[in-house]
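Hi everyone, thanks for coming. Let me put the model up on the screen, and then we can walk through it together.

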Amino acid sequence: MDALKKELKESIIEQLNLEDFSVDDIADDDALFGDGLGLDSIDALELIVMLDKDYGIKLTDPNEGKAVFVSVEVLAKYITDNRTK
Amino acid sequence: MKPCYINSAVSISAQDTLNDSNFLENTISFEGKLAEAIHPNYKKFLSPIASRRMATAVKMGVAAAKKALELAKLEMPDAIITGTGIGCIEDSEKFLNAILDNDEEFLTPTSFIQSTHNTVGAQIALTLKCKGYNVTYVQGAASFESAVIDAQLMLHENEANTILVGGTDELGKFLINDIIFAEEAEEHPIQTPFGEGAHFFSLSSYKQTNSFCALKGLKIFNKARTDTIETKIKAFLKENYLVPEDIDAVILGKNGDAFDVLYQTLQDSIFRDTPQLHYKHLCGEFFTASAFGFWIATNIIKQQQIPDVLTLNSIAKSSYKNVLLYNQLKGQQHSFTLVTSC
């Protein structure tokens, strides 16, 4: 699980061009949206594509997305439980 | 046509041109095929949140535009007009490669949104919260000049009093290699490196305390031959009540290819006794490179001096009032731009 969290942090930094962030700057329970990393709706689309491409998870329900993208911790657990690749 | 007063001129290029006090001192020469821009610290111009999705051309454009407004002491222009030859090629390449690499699946929106040619003008407007006229011109090597003509007409027709006008182009990472490959197959290829840059200018319909020169005339035409170019330039000068002898410096867009013969024709005839300058060896060739030439023209009048690195002959003048810029690419998209003191 720790390896997956680190991988997710690296992917988020790279995919979303968070130039000023390093893996150590993102805590496992930091909020991804709102007051945490400050991601927005375009970032949400990028994360949905990342889930599909890298882990074979298709998110179609917007409410499910809200619950999944709470933090790296929650996202990593969701991926572990649902990944197809 | 009424004169357009120029109140600021800003350049981000392959030389250290963003520094106001440095008019082409300690220039860099290029050995390779590319002349990449010297990038400023963009954090001075943009918040990390705003800049994280911006590609090179957008960052350069927004930074140059903001500095041009700052120097002109202008908070909000009436219009923003931009020229670009190849737009945001970096994001276009990213998006198109993602289509190929992922077999048309898993496409993300960011690079597609940012890949349009008007992204630079749009991002400047968003940054300033400017809801005025905003147009981007894409006309090959006459893209910047097309933007300036639009600004000139708007000021002439009193549709705007202050306009931010500029040109941006970025090198990108992939297409440029094909362009270099194709160019090298030519019998007389372009000899200067390929470059990139962003140049912005604040224009106004009225003279301000910080106005330092004026755009007197600008003409674009698509074709010319060595036996017609002299007639065309004389006609342009006549329209502006000048003769070739009135020109204190002529800036030529020479890039070393076969079409330099058009410039040479003028160097050997009507401008034989005029200070002759070139600039593409400093900024590289790109569709809006002539905006770098325009920046030089404004600076010559402002500073009343010509850096040695620009000169093609040893003729000098005691003062510089009328500076003519002539640019073309591959014998097409010719432009004459006349800048004068005010």
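Let's start with helix α5 (residues 119-128) of chain B, which lies across β3 (79-83), β4 and β5 (162-169) of chain B and runs at about 155 degrees to β3(B). Before going on: this is a predicted model, where local features need pLDDT of at least 70, side-chain atom pairs count only at pLDDT 80 or more, and totals for chains, interfaces and linings use all residues. Residues are numbered from 1 along each chain as its sequence is written, and chains are lettered from A and ligands numbered from 1 in the order in which they are written.

A word on terms. Helices (H or I, at least four residues) and strands (E, at least two) are DSSP runs, numbered from the N terminus. Axes are lines fitted to C-alpha atoms, for helices over the stretch in contact, with angles from 0 to 180 degrees between N-to-C directions.

Now, which helix does α5(B) cross at roughly 50 degrees? That is α2 (residues 56-71) of chain B, and the two axes come within 9 Å. The pair α2(B) and α5(B) is therefore oblique (under 35 degrees is roughly parallel, over 145 roughly antiparallel, 65 to 115 roughly perpendicular, and the rest oblique). From α2(B), the contact uses B:A57, B:V58, B:G61, B:V62 and B:A65, while α5(B) brings B:T119, B:V120, B:Q123, B:I124 and B:T127. Contact here means C-beta atoms, placed from the backbone, within 7 Å. By class, that makes 6 nonpolar, 4 polar and no charged residues (Ala, Val, Leu, Ile, Met, Phe, Trp, Tyr, Cys and Pro are nonpolar, Asp, Glu, Lys and Arg charged, and the others, Gly among them, polar).

On to the sheet. In chain B, 10 strands form an open, mixed sheet in the order β4-β3-β5-β7-β1-β8-β12-β11-β9-β10, where pairing takes at least two DSSP bridges between two strands. Its edges are β4 (133-137) and β10 (276-278) of chain B, each pairing on one side only. Neighbouring strands are turned by 25 degrees on average, direction ignored. Within chain B, β1 (residues 4-12) pairs antiparallel with β8 (residues 213-223) over 3 bridges, and B:C4 has B:L215 as its bridge partner in β8(B).

Terms used:
Two residues are in contact if their C-beta atoms, placed from the backbone, lie within 7 Å.
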